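Hi,

Here is the structure I promised to pass on.

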Amino acid sequence: MEKQKRQIKGKIPGERTGIEIRHGICDICCPSFHCGLNVYVKDERIIKVEGMEAHPASHGRICTKGLMNRQYIYREDRIKTPLKRIGPRGSGQWKAISWEEAYGEIAGKLLEIRRRDGPEAVMFDSGYTKWYRPFLHRLANSFGTPNYGTESSNCMFSTFLNWLVTTGAAMCRSDTAHSGVFLGWAFNPYYSRDLAADVAEQRKKSGMKVIIVDPRITPASQRLADIHLRPRVGTDGALALGIAHVLIREQMVDTEYIKSYVFGYEEYKRYVQKFTPEETENLTGVPAGQVVEAARLIGKNLPLSICESAAPIAHHQNGFQNYRAIMALSAITGCFDREGGQIPISFSYNYQAAGLPVRQEEFINERKPKQMAPAVGSGRFPLWSRFIDEAQTNDLIRQLETGIPYPVKAIVGFGLNYRIGPGDEQLKKAMMNAELLVNTDLFLTDTCKFCDIVLPACSSLERSELKVWGGGHIWYTEPVIAPMYQSKSDVEIICELAKAMGLGDSLLEAGPEACYRELIRDLPVTLEELKAAKGPVSLEPEPYVPGTWRKQGLKTESGKFELYSLAIEKYREIGLEPLPVYIPPKTEMLSGERWFRLCSSPRIPGALHSRLHGISWSRALHPEPVVDIHPEDAERLGITEGEMVELSTEKGSICMKASVTCKADQGCVYVYHGYPEADVNTLIGPEMTDPYSGFPAFRSIPVQVRKKVQE
Amino acid sequence: MDRMKESRREEDRREEVCGREHKEEEQNGKGQGRIEWHREFCVGCRACVVACMDQNDIRPEYGEQAFCKVTEEENEGRLFWRFTSCRHCRDPVCAAACPKGCIEKDSKTGMVLLNEEICDGCGRCIEACPLHAISFLKREKDDLSLRVTAGKCDGCTERIFAGMEPACVRACPMKALTMTTIF
């Protein structure tokens, strides 16, 4: 083969081959990452991706999922034009329409509903990804509806709610770089947070102690843990309170710090008295000796930083309080807002704490009406509504079904996925009550299939966007390739929709670039300068000095870290408790050999939610949905590797292949989620929610397991 | 578990044979490039496998496989992973098995290269490789009909010539893969 041909086959960039490397960001997972990409382009087609070395946050790395960008972008079910349903909902009969027609139809209907039923009858609902959210929230405010909701009602906002209630800060980061002991709670960074793994490994080498809490065996438990605690799913709170019990009993708490900066310690101390190591063993399955050992490892190696994964802790009926119980350890050891501990952060833009004064709050709220109806979920989950300026979307089913306190008549989705929550088929049915269903997505997903109008969005490599990262890095990206077919960027769609509705929002109407200029008005850099930089720019903000917020007084009622929450105290009459109390999950009351704890959604390296199951590279790694089951449980039920297993609850049943593995603990089965052919959410009802946060109890569901009998 | 241990031993034995050959070559100072896998760093994320599929346009929907694979094993409550790809053997049995002489050990790089242009997809090399590191490719011809050939790791030779790392090495977030070049 001649050299040029060989080099083209080898995808070598250069003039000879006509292959060019352009830079972009991956938007397959959440904004905390959005790693930099080197995108190999030939004839305006992407032929390969790899990590971008010069990227200030990801340093050339990308994960298994990010490496799938090319197949993801060129998926065959990309939506090509705006579509209008011409048959019955879900019939698959579509008519391609122009953008003007689509905007006209949507705007006409939304304005009609607003006139007739009030603006709150329209819901703007964001699924994944999250990059356009400040724009969508502004659109909802301009329209006048309180019903801006997101899939974060199921995911990271539980942590925000926790920190807001307890400390007044929206979030904390763990200052692992300066910790003496690291508590990784449901922490397995190897499949998605390589950089966090790197820091933990390096620190461990230089003597930092590590405790991993995870019912499963993971690369983190094997590579990092000095002690691996394996509580039964959903019992995290009891374990944290048990550790606190030992820390207090053995006088390993920071009494001076507590006096100055912690509220409600005496009540908390009284409450944890009953969580002796022996009782903790009863409640969690973690041996009493290990509880003591872990507490001592913490007490003797302070400062303590805690790094958690939000969803596994939150997805239980007591998830909010379990999370609070874990983070209480930071307060009693004097490590909250201290070097080497938990450092409170505030977000600059799109959930990123970059230390930059981006005008996101002002942008979102500039046109917010003074008076609005209560948002969806605020009746059932008042604590959520008090702290989170969003609908709690887990209450949408109920409101669609009952029309109480008012009917929701239209849902305009961006990346909306009805399958994301428990009782998904019930939600789909309830959505049929709406007069207008719109979804915006890259692909004709199961949700798009029953909508009235579907709009084609483009991927992160086909658009420009403003993106910030921790450390003050900011990048206004350029499209790597032109938007495919007639697709557009989500923010462009939002701006054009605002214009079509004539909401009088001159900023949105002026388009995305005008909005970005306004957002970065207070930064020492202009949009033109960012464009000219053609890559990430570092603005080097003043770093936060740990202790500043704590010493100024936190934004809680007491001004302190509230072990006893004065905000929750106001909701005592509806059964909410100000202390981080422990209530066992339903799975703790099981008996009988076929009953198991079902934990949905552990992670696999090559998939995220349902987003990559539709491409063949991901399927090559994980061809079929499987359920992890411990070898002894499998033997007891007569199940061998690869055999079909039936999982059933009162809500339904699904079948999948057994993966007999020591990764699972005994008595618990783990189901990987997002597979349309074995949708674990059909096993779970929408009523099993956490009363504080409204989060669904995905991960502690009683389930019956048996070998599937061939008929 | 016994079955698993047995297969582990078998794989270890095969690797040992290949590894010994490499050591000898290194000592003899003979030209040899190869991809080394360091098991202590591997976490089984399979970024290498996807990078290989991206680099080589592998289409699993056509039955094609990446030129490397990562398998997961368990032993006494611990997880282990194993990376397998062509070891670019000194005396490649695949080359010996090929009736058409499509496979040659490149004298410059030491890589075992398969000439897909003359391969007719008979599959003898696939049967011969003890590591199962060769598989079928189904590629479109100019008339869009599919042509079946064997396909294997070429160590991303062109990338190496261009001063770049092989795709799998470049992608590994744990740096568990390294490239040894002695040419």
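Below is what turned up, grouped by topic.

First, the ground rules: this is a predicted model, where local features need pLDDT of at least 70 and side-chain atom pairs count only at pLDDT 80 or more, while totals for chains, interfaces and linings use all residues. Residues are numbered from 1 along each chain as its sequence is written, chains are lettered from A and ligands numbered from 1 in the order in which they are written, and side-chain values use heavy atoms, leaving out hydrogens and water.

Let's start with the cores. A nonpolar core here is a set of buried Ala, Val, Leu, Ile, Met, Phe, Trp, Tyr and Cys residues joined through side-chain atoms within 4.5 Å; buried means under 20% relative accessible area, exposed over 50%, and partly exposed in between (1.4 Å probe, protein chains only). The largest core has 87 residues, and I46(A) and L177(B) touch the most other members. Its largest share, seven residues, comes from helix α2 (residues 47-55) of chain B. Helices (H or I, at least four residues) and strands (E, at least two) are DSSP runs, numbered from the N terminus. Nine of the nine residues of α2(B) are buried, so this helix is largely enclosed by the rest of the structure. After α2(B) comes D57(B), with a positive phi near 50 degrees.

Further along, Q65(B) sits in the loop between α2 and β2 (68-75) of chain B. Q65(B) is partly exposed, at 47% relative accessible area. Beyond four places in sequence, Q65(B) touches I58(B), S135(B) and F136(B), contact meaning heavy atoms within 4.5 Å.

Next, a helix pair in chain A. The axes of α8 (residues 236-249) and α10 (residues 265-272) of chain A come within 9 Å and cross at roughly 105 degrees. Axes are lines fitted to C-alpha atoms, for helices over the stretch in contact, with angles from 0 to 180 degrees between N-to-C directions. Since 65 to 115 degrees counts as roughly perpendicular, α8(A) and α10(A) are therefore roughly perpendicular to each other. On the α8(A) side, L241(A), A244(A), H245(A) and I248(A) meet residues of α10(A) including Y265(A) and Y268(A).

Finally, how many disulfides does a search of the whole structure find? Zero, over all chains, taking a disulfide as a pair of cysteine sulfur atoms within 2.5 Å. The sulfur of C29(A) is 4.9 Å from the closest cysteine sulfur, in C30(A), too far for a bond.

Best wishes

Conventions. Angles under 35 degrees count as roughly parallel, over 145 as roughly antiparallel, 65 to 115 as roughly perpendicular and the rest as oblique.
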